[in-house]
Amino acid sequence: MSLQATLDAFKADFRAGKPPYNAPTDIHPIMERATADLIASGQAGRAAKAGDVAPSFVLRDAHGHAVSSQELLSSGPLVVSFYRGVWCPYCNFELQALQNTLPLIREAGANLVAISPQLAVNSQKSERVNQLDFPILSDPNNQTAADFGLRYALPDYLVELYQRLKNNLPAFNGDDSWTLPIPARYVIAPDRTIVYAEVNPDYTHRPEPEDLLPLLKQYAMA
């Protein structure tokens, strides 16, 4: 099953109120409103795009080790996935799909990292729950996401809903700002040029990892 088919099946079960989430029916219009408002803001169109020079970053992985984009790019292209956090089931499905594709990504001569604003302890949970073998990086205050044009502030009505659902982002992220990254996936060539960008304000839609492989091979050989 493709990643998107998996996400669509989960979304149908979530909207139907099935376990383990048992989602109340009244939350869905609020979440859909937030997505529609983020789409209408046009922010996704202003984020880093193909042809731009990628911002450099040095972030710490789940175990406190510094990871440098420049160092990773010295050995080939780099896949960067921005995700919301371990609390987001759509993100976890995406991380699992990336893990399944990891051998082919590495065979193509590329590296892979995933970036979220969550604290290291929650990145460790991401690794453990999804059985990941690639670096999960913590982005304090969503600063790297901001550098890519992805950071946005949750509207007050969505903050209220998250609080009601006990989805406490300040506790997850160690940051009181109630901001998140728009989910995005980039391929960065060794010269720091962004050669692929998928930025989607609808967090229930994610690109297929396998679609990147021909591009990775092209830039690994360049």
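Select helix α2, residues 27–41. Its 15 residues, at 1.5 Å each, should span 21 Å, and its end C-alpha atoms are 21 Å apart, which agrees. The expected span is 1.5 Å times one less than the number of residues. Helices here are DSSP runs of H or I with at least four residues, strands are runs of E with at least two, and both are numbered from the N terminus.

Two notes before moving on. This is a predicted model, in which local features need pLDDT of at least 70 and side-chain atom pairs count only at pLDDT 80 or more, while totals for chains, interfaces and linings use all residues. Residues are numbered from 1 along each chain as its sequence is written, and side-chain values use heavy atoms, leaving out hydrogens and water.

**Stop 1: the buried side of α2**

Stay on α2. Colour Ile 27, His 28, Met 31, Ala 34, Thr 35 and Leu 38: these are the buried residues of the helix. Seen down the axis of α2, they fall within an arc of 130 degrees, so they line one face of the helix. That arc is taken from the directions from the helix axis to the C-beta atoms. Buried means under 20% relative accessible area, exposed means over 50%, and partly exposed is in between (1.4 Å probe, protein chains only).

What do the buried residues of α2 pack against? Show α1 (3–15), α3 (43–46), β6 (151–153) and α8 (156–164): those are the partners. Contact means heavy atoms within 4.5 Å. Now step just past the helix to Gly 42, which takes a positive phi of about 75 degrees.

**Stop 2**

How many salt bridges does a search of the whole structure find? It finds 7. A salt bridge is a side-chain nitrogen of Lys or Arg within 4 Å of a carboxyl oxygen of Asp or Glu.

Select Arg 15 and Glu 32. Their side chains meet in a salt bridge at 2.4 Å, N to O. The pair links distant parts of the chain: Arg 15 is in helix α1 and Glu 32 is in helix α2, 17 residues apart. Arg 15 is partly exposed, at 39% relative accessible area. Glu 32 is partly exposed too, at 43%.

Next, pick Arg 164 and Asp 26. The closest N and O atoms of this salt bridge are 2.9 Å apart. Arg 164 lies in helix α8 and Asp 26 in the loop between α1 and α2, so the pair ties together parts that are 138 residues apart in sequence.

Return to α2 for Asp 37 and Arg 33. Their side chains form a salt bridge at 3.8 Å, N to O. Both lie in helix α2, 4 residues apart, about one turn of the helix. Arg 33 is partly exposed, with 47% relative accessibility.

Then jump to Glu 94, Arg 185 and Arg 206. A network of salt bridges links them.

**Stop 3**

Select Glu 127 in helix α6, residues 120–130. Glu 127 is buried yet has no salt bridge. The nearest side chain of opposite charge is Arg 128, 7.6 Å away. For charge, Lys and Arg count as positive and Asp and Glu as negative; His and the chain ends are not counted.

Which side chain makes a polar contact with that of His 63? The side chain of Glu 127 does, at 2.8 Å. A polar contact is a pair of N or O atoms within 3.5 Å; within protein, one must be able to donate a hydrogen and the other to accept it, and residues adjacent in sequence count only if both atoms are side-chain atoms.

His 63 sits in the loop between β1 (58–61) and β2 (66–68). Leaving aside neighbours within four places in sequence, His 63 is in contact with Gln 124 and Glu 127.

**Stop 4**

Most residues other than glycine have a negative phi, and most peptide bonds are trans. Here are some exceptions to select.

- Pro 19 and Pro 20: a cis peptide bond joins them, with omega about 5 degrees. Pro 20 is in the loop between α1 and α2.
- Asn 142: its phi is positive, about 60 degrees, although it is not a glycine. Find Asn 142 in the loop between β5 (136–138) and α7 (143–147). Asn 142 is buried, with a relative accessible area of 0%.
- Arg 192: its phi is positive, near 80 degrees. Arg 192 lies in the loop between β8 (184–188) and β9. Arg 192 is partly exposed, at 27% relative accessible area.
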